[in-house]
Amino acid sequence: MSTIIFTMTHKAFTPPKDPMFVPLQVGRVLSTDLGYIGDDTGDSISKWNPYFSELTGMYWVWKNFRTDGNVGLCHYRRFFIHENGNVITEQEYDSLLETYDLVTTKQVVLNNSYYDGYAVNHHIKDLIETGNVIREFYPEYHEEFERIVHGNRTYFGNMIVCKKELFDAYSEWLFGILFRVKERIDVEHYDNYRKRVFGFISEILLLVYATHHRLSVCECKVGMPGEKVETREVKERLAEYFLRKDYVGAGAFFKEALAKRPDILMEASDVDGQLMMSLEIITICEQENSARPEVILERMQDFNELMAWVSDLNQLAEANVRGEKSSEEAQRICEQKNISKQAFEVALVVARRKRKLSLAD
């Protein structure tokens, strides 16, 4: 049995050499033709890409691609990998799908419920309306939907690999829900991030569908060979603020950027964790300014140097939280390295949060 994985993209990229990966340009009807297969031929919803995101590619595969084998979706910068970091091969997919019904991402463990997080970052009425549609048209799924949206786990990225028969069945169910929700909500006044409402909601719906049908799921790590352009641009702007020792300006800019793109701090966007560490530096400066005459930016302004400094600080705090270093020993190290009490306390908060999440997982 063969496996074809469509690599969804909206920009030119270097595809993997493995012919199993087939580039698929999503939203092509609204953009420049990049020379790949596009989602704007045959039965298509390419024009809805600003609202459905990568799902316009999923719809195209459902309606236009025929195979007796396995089919999958990944992103131009996200691929399923083994724990050792190697990209999963076609032969390995064929083998996996003899045992499992579905290959998808590892579940994300959220700090709060999915419902609460959606209410903070999106328009909660859209999620509520999704529940109404499921209750009316797919009532047998409603109990799982309510339980799962009020839980703290979800899949992400709309990345799946499975037999085409299952892919088609899931697609029919998913778009049956989303098209009805689309008729009931008005997204035209949303900003560009929140307009992608159907792409976001579909991530939790995959967990609902898999749970309801008791699918055997192989949850895999996702490898990301590079960071998003948007992430790099935010880091470059923050580096400029740090160079000017302007942590107040950096904080205001970060707040504005986060309002536009709440996803920039997610692991899938902040691949190397440097945006999160930048936020930590801003917080440290705010705390230091209220307690001492000098903030860390007075001694250090280079972005890479700051990243290395806060990384070392976090390792010290994590060792303390794990009980590997006593508070007295950590304090001595802080004094030797001229690390303020405020900086270490901020790092402890970060370390405890990480510890809590790892234990929950």
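User: Let's call it a salt bridge when a side-chain nitrogen of Lys or Arg is within 4 Å of a carboxyl oxygen of Asp or Glu. How many salt bridges turn up in a search of the whole structure?

Analyst: The search finds 16 salt bridges. Bear in mind that this is a predicted model: local features need pLDDT of at least 70 and side-chain atom pairs count only at pLDDT 80 or more, while totals for chains, interfaces and linings use all residues. Residues are numbered from 1 along each chain as its sequence is written, and side-chain values use heavy atoms, with hydrogens and water left out.

User: OK. Which residue does Glu136 pair with in a salt bridge?

Analyst: Arg184, with 2.8 Å from N to O. Glu136 sits in helix α5 and Arg184 in helix α7 (residues 164-184), so this pair ties together parts that are 48 residues apart in sequence. Helices here are DSSP runs of H or I with at least four residues, strands are runs of E with at least two, and both are numbered from the N terminus.

User: Is Glu136 buried or partly exposed?

Analyst: Partly exposed, at 44% relative accessibility. Arg184 is partly exposed too, at 34%. The cut-offs: buried is under 20% relative accessible area, exposed is over 50%, and partly exposed is in between (1.4 Å probe, protein chains only).

User: And what does Asp126 form a salt bridge with?

Analyst: Lys125, with the closest N and O atoms 3.3 Å apart. The two side chains also make a polar contact at 3.3 Å. A polar contact is a pair of N or O atoms within 3.5 Å; within protein, one must be able to donate a hydrogen and the other to accept it, and residues adjacent in sequence count only if both atoms are side-chain atoms.

User: Where does Asp126 lie, and what does it touch?

Analyst: Asp126 is in helix α5 (residues 124-137). Leaving out residues up to four places away in sequence, Asp126 touches Tyr118, Val181, Ile185, Tyr190, Val197 and Ile201, where contact means heavy atoms within 4.5 Å. Asp126 counts as buried because its relative accessibility is 1%, whereas Lys125 is partly exposed at 43%.

User: What about Glu256, which residue does it bridge to?

Analyst: Lys260, at 3.5 Å between the closest N and O atoms. Both lie in helix α10 (residues 247-260), four residues apart, about one turn of the helix. Glu256 is partly exposed at 45%, and Lys260 is exposed at 52%. There's also a network of salt bridges linking Arg28, Asp33 and Asp40.

User: Switching to cysteines. How many disulfides does the search find?

Analyst: Zero in the whole structure, taking a disulfide as a pair of cysteine sulfur atoms within 2.5 Å.

User: Now rings. How many aromatic pairs are there?

Analyst: 26. Rings of Phe, Tyr and Trp (its six-membered ring) pair if their centres lie within 6.5 Å; planes under 30 degrees apart count as stacked, over 60 as edge-to-face and the rest as tilted.

User: Are Trp48 and Phe52 stacked or edge-to-face?

Analyst: Stacked, because the centres are 5.7 Å apart and the planes are at 20°. Trp48 is partly exposed at 23%, and Phe52 is buried at 0%. Tyr59 and Phe175, by contrast, are edge-to-face, at 5.3 Å centre to centre with 85° between the planes. That pair links distant parts of the chain: Tyr59 is in helix α2 (residues 55-64) and Phe175 in helix α7, 116 residues apart.

User: Which residues do ring pairs link into a cluster?

Analyst: Trp48, Phe52, Tyr59, Trp62, Phe175, Phe179 and Phe198.

User: Last one, helix α13. Which residue caps its N-terminal end?

Analyst: Asp302, through a side-chain oxygen 3.2 Å from the backbone nitrogen of Asn304. Helix α13 (residues 303-321) has 19 residues and reaches 27 Å from first C-alpha to last, close to the 27 Å expected; the expected span is 1.5 Å times one less than the number of residues. Its buried residues include Phe303, Trp309 and Asn320. Gly323 follows α13, with a positive phi near 85°.
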